Amino acid sequence: MSTVIPIRAETAGCTDVVPLVERGQREVFCGLTGIIWLHRKIQDAFFLVVGSRTCAHLIQSAAGVMIFAEPRFGTAIIDERDLAGLADVHEELDRVVGQLLARRPDIRLLFLVGSCPSEVIKLDLSRAAERQNRIHHPAVRVLNYSGSGIETTFTQGEDACLAAMVPTLPASAPDASANSAPALMVVGTLADVVEDQMRSLLERMGVQVSFFPPRHSQAMPAVGANTRFLLAQPFLADTARALQSRGAQHLAAPFPLGVEGTTAWLQAAATEFGVAPEVFEQATAAPRQRAEKALAMQREMLQDQRIFFFPDSQLEIPLARFVHRELGMQLVEVGTPYLHRQHMAAELALLPAGTRISEGQDVERQLDRCVADAPDLVVCGLGLANPLEAQGITTKWAIELVFTPIQGYEQAADLAGLFSRPLKRRLKLAA
Ligand code: SF4
């Protein structure tokens, strides 16, 4: 039997929530971080950060585990130059790109990724990308986006990257109007293992699906008026808008986290594609029951534990829905960097009414609230974890929730484990 907390039909959860909006100092990674998971996904792409030594240090240390692998990212360091040297910077960039592509003929898609230093902001990277495209066409396509900490936080780098790719997607057949046979696209970077599971579940229902981003740049999915897309990640507002501007339609759904989220997410596709209820049941019953059983064990540990989310990845609201409804945790505060009401509508409706939701950050005030509330577990960025741990508060690094495969049935218990492990560790230390 499902352990999901039922929502009473007469409540709309947090649908009309008025969030606590804060616009102060924030503690969050910049959008360059997305390169760490994007470079693993698109196997013939290369991410060239046009930035400073700080940027190089960030992606090298965040991707430390990849240091011995043939890297698919690098940094063209262009700080320490004055404005008079800008013409040289373009030449320098052309030289670096030329050298890179000569050394690495396997690269088919090159991203020039912008960053914060003023020298980079003044560089017109889209012009640089156009120029590179002319030089290296047709072997390599060159695109640009910004991962700058001024314009993007953490997961927004992926949004900017995917949005930059949308105009290059092939158009679906010209006769594929909104009324012709629809085609499903899942949007957002998923670990390959998760992608394979989702594909297999959907295909068992008779629904063919494409994934964006694809594993190879040569396999970009087609888009057009017959495209229906499901978001696999909650931080893709610009990408969704870009797809809609090409005629695609968004299928509203909760995100595929936990048993409930995964079922509702698959159901949105099944409804759109006219899958019979018994076919849906047949395709999902076994993995759903396995996941429910595995979650029941985690629930014993997590039931009634009080959790506080700092705003980091935009995954916070779907995660809060999952830990509350499937694991019985109590939500103290759910912070999100941005609240996209439309993409979050199905999630907000499932949160208990009265949940304290905050948008943006004023880090000192939020830390004061957190310490005063004394939650059992805090999900936060690396920079806040140590000071909180020093005060006796158990923490979970938000970044792990982005790097780990957490979507879908088979990953539901692993996702719960990410919350229970720090609590178990704390108990052991206290014993
Ligand atoms: Fe730092 Fe900006 Fe570079 Fe990110 S893009 S590492 S915030 S300098």
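## Two packed helices

Ile-317, Pro-318 and Arg-321 in helix α11 meet Met-344, Glu-347 and Leu-348 in helix α12, where contact means heavy atoms within 4.5 Å. By class, this contact has four nonpolar, no polar and two charged residues. Ala, Val, Leu, Ile, Met, Phe, Trp, Tyr, Cys and Pro count as nonpolar, Asp, Glu, Lys and Arg as charged, and the others, Gly among them, as polar.

Helix α11 covers residues 316–325 and helix α12 residues 341–348; they pack at an angle of about 5 degrees, with their axes 10 Å apart. That makes α11 roughly parallel to α12 (angles under 35 degrees count as roughly parallel, over 145 as roughly antiparallel, 65 to 115 as roughly perpendicular and the rest as oblique). Axes are lines fitted to C-alpha atoms, for helices over the stretch in contact, and angles run from 0 to 180 degrees between N-to-C directions.

## Basis of the description

This is a predicted model, in which local features need pLDDT of at least 70 and side-chain atom pairs count only at pLDDT 80 or more, while totals for chains, interfaces and linings use all residues. Residues are numbered from 1 along each chain as its sequence is written, and side-chain values use heavy atoms, with hydrogens and water left out.

Helices (H or I, at least four residues) and strands (E, at least two) are DSSP runs, numbered from the N terminus. Two strands pair if DSSP finds at least two bridges between them.

## The six-stranded sheet

An open sheet with parallel pairing has six strands in the order β1-β12-β11-β10-β13-β14. Strands β1 (20–23) and β14 (395–397) are at the edges with a single partner strand each, so one side of each has no neighbour in the sheet. On average, neighbouring strands are turned by 20 degrees against each other, direction ignored.

Strands β10 (residues 306–309) and β13 (residues 377–380) run parallel and are joined by three bridges. Phe-309 has Val-379 in β13 as its bridge partner. Helix α13 (residues 363–373) packs on this sheet, and its direction makes about 175 degrees with that of β10.

## The four-stranded sheet

A second open sheet has four strands, in the order β3-β2-β4-β5, again with parallel pairing. Its edge strands, β3 (73–77) and β5 (141–146), each pair on one side only.

Strand β2 (residues 45–51) pairs with β3 over five bridges. Helix α5 (residues 125–136) lies across β2, β4 (109–114) and β5, at about 170 degrees to β5.

## The ligand shell

The residues around the ligand are Cys-30, Leu-32, Thr-54, Cys-55, Ser-115, Cys-116, Ser-148 and Gly-149, each with a heavy atom within 4 Å of it. This shell divides into four nonpolar, four polar and no charged residues.
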